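Below is a short report on selected packing features of one protein model. It moves from helix packing to ring pairs and then to sheets.

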Amino acid sequence: MDEYKQVGLRALDKINGKNYLHFDFPLTDKERRQLVADFSNGDIVHHRYLPFISFEIRFRIYHPKEKSATPKSRKITLPSHHDALTYRYYGAALNRVYSNYANSHYINEVAVAYRERRSGLQLSNITTAKEVFDYVTLFPNSWIIKGDFHHFFDTLNHQYLVDNMRKVFGGVLPRGWGRMLRSITEYQSISRKTLERQLKDSHVKNAYRLNVPDGAKTRAYVSNLQQFGQLIKQKKVRLSGKNRVGIPQGTAVSAVLANVYMIDFDEWLSKYCETLGGLYRRYSDDFIIVLPKKHLSKGFVEILESEIIQRSQSTLDLDIEPTKTKLYSYNQDSHAVMLHDVQNAEKQKPGKIDYLGFIFDGVSVSMRPKSIYKFIYRGRRKIGKYITLGRSYDQVRLGLSDSEIILNKGVPKYIKHSGDTQRIYAAPNLHEVEKSLGRLQQIRKMRYETLSAVHKGVTTRYLSTEVKKPRSSMLGYALRAQKIFETGQPKYRVVIRRQVMRQIKRNQLRLHRGRESYKYWRYFNL
């Protein structure tokens, strides 16, 4: 059996899937074993790929200069459960094929994102950011070009991707790979809202299935693929047309396909930078170039930047985001990073290199404000919910009725008088009463163990100054990054741990104040 097949099959050792709602049911262990057998025997060519289901998630983007956050949405495209496991096989197998090709073409260290874990090759956003910042400070003076590709996954050229796939496989795609490629490039999809509306209009209800091992119920939009086919045939479910450009982001094979797409560009730019004594790294759609100044003028670097933009358009059909393409210079003596104005050759100002979640300002390395803001924002919400839950649980435990609890509930209101903002407490409105009643009903059924589990989760992620679950807390990530950046006597300070510890202490203070404000709630009368 080929090496890449063995790697792909090992990726299917466990299901480890998510129980989201789709056209098919989440896989049982028996179904997983059958899928493994199909891959082993070559019968996977008969696998039926299902349409993707899309939806939007909303989040907030933090802007450091304005010190404010704005709402933003992102489209999520979900494959069916069987397809997700199939893409996991192809993703792991292709990662091995790509790594072998990258190693033979001397670009193994260029692409950092979504690489397989292999002994001697420990690549991550932290290690790559450290490598780049160390390289910047290696020279007395250096140039730094940073940019990213606009709508990277959404604009990949299908034929160019297929040609590069054949190249990494040595000319011919193995059996089954062409079908997988068509499923990920020419895919059809339907939005979750549209699908649920169409099923409702057709009087089709969700199907349920009982899992034998644990007795839990799983559900799907349809009972089986035959029913799904009938709904399509009768036009009760209407899908989008076939996709003509780009691939969906988020499947287990999408990221490595993007790396395959970039092989020629990566090889050209990596070799060119090496001839100048420089460094080129790419993390998905973000790239950075570090060049020692020596005899390289600003004009020469700007010509290189223009050539990169032109080649990405003519060869890759990709646009480099103009507003996000930046040119920096670093001076070791003054420990200064300067941002150069592209329009005005003489204009420059102090700058900070923001790369892979970390900031380098010439003096210190810190976590970027957006990452810290996410920690602050999520921590504030979770701690607030935890305080409300604990207060309500105590009130219920004291034997108070729902009406007694709600009548003694004060809702803070902020009113402006002559430019001054005053905080007063007002009676809850009808919506708040209904919300409180629903929460109190849940709390009355809640066991103490459930409250304890909530307490443990909030403490682990946002309150503890000790790392209990390294992969579940920001502090664990911060300490790992602090340790990696401090390795090898760097020419900068590392303040990542201090940043997160400061926010944890603020979270602890917020919890303390929250508990104190509810201490005398029984004596508060409206």
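## A covered helix and its surroundings

Helix H9 (residues 254-261) is mostly covered, with 8 of its 8 residues buried. This is a predicted model. The buried residues of H9 are Ser254, Ala255, Val256, Leu257, Ala258, Asn259, Val260 and Tyr261. They pack against several elements. Among the helices are H3, H5 (158-168), H6, H10 (263-275) and H11 (298-316). Strand S7 (279-283) is also a packing partner of H9.

## His81 in helix H3

His81 lies in helix H3, which spans residues 81-104. Is His81 buried or exposed? Its relative accessible area is 7%, so His81 counts as buried. The cut-off for buried is under 20%. The side chain of His81 reaches the backbone oxygen of Tyr20 at 2.8 Å. Leaving aside neighbours within four places in sequence, the contacts of His81 are Lys18, Asn19, Tyr20, His22, Asp24, Phe25, Pro26 and Leu27.

## Aromatic pairs

A pair of aromatic rings is described by the distance of the centres and the angle of the planes. The count for this model comes to 29 aromatic pairs. In one of them, the rings of Tyr90 and Trp177 have centres 4.7 Å apart and planes at 80°, so the pair is edge-to-face. Tyr90 lies in helix H3 and Trp177 in helix H6 (residues 177-185), so this pair ties together parts that are 87 residues apart in sequence. Both Tyr90 and Trp177 are buried.

Trp177 also pairs with Phe169. Here the ring centres are 4.9 Å apart and the planes stand at 65°, so the pair of Phe169 and Trp177 is edge-to-face. Phe169 counts as buried at 17% relative accessibility. Trp177 counts as buried at 2%.

Elsewhere, Phe133, Tyr330, Phe358, Phe360, Tyr477, Phe485 and Tyr492 form one aromatic cluster.

## Charges over rings

| Charged residue | Ring | Distance from ring centre |
|---|---|---|
| Lys293 | Trp143 | 4.4 Å |
| Arg311 | Trp268 | 3.9 Å |

Lys293 lies over the face of Trp143. In the other case, the charged end of Arg311 sits over the ring of Trp268.

## Strands and sheets

Strand S5 (residues 207-210) and S6 pair in the antiparallel sense over 4 bridges. Tyr208 stands opposite Arg219 in S6. Which face of strand S6 (residues 217-220) is covered? Thr218 and Ala220 form the covered face, while Lys217 and Arg219 form the uncovered one. Arg219, the residue opposite Tyr208, therefore belongs to the uncovered face of S6.

Strand S14 (residues 358-360) runs antiparallel to strand S15 (residues 364-367), and 3 bridges join them. Ile359 has Ser366 in S15 as its bridge partner.

How values were computed
Residues are numbered from 1 along each chain as its sequence is written. This is a predicted model: local features need pLDDT of at least 70, side-chain atom pairs count only at pLDDT 80 or more; totals for chains, interfaces and linings use all residues. Side-chain values use heavy atoms; hydrogens and water are left out. Helices (H or I, at least four residues) and strands (E, at least two) are DSSP runs, numbered from the N terminus. Buried means under 20% relative accessible area, exposed over 50%, partly exposed in between (1.4 Å probe, protein chains only). A polar contact is a pair of N or O atoms within 3.5 Å; within protein, one must be able to donate a hydrogen and the other to accept it, and residues adjacent in sequence count only if both atoms are side-chain atoms. Contact means heavy atoms within 4.5 Å. Rings of Phe, Tyr and Trp (its six-membered ring) pair if their centres lie within 6.5 Å; planes under 30 degrees apart count as stacked, over 60 as edge-to-face and the rest as tilted. A charge sits over a ring if NZ of Lys or CZ of Arg is within 6 Å of the ring centre and within 35 degrees of the ring normal. Two strands pair if DSSP finds at least two bridges between them.
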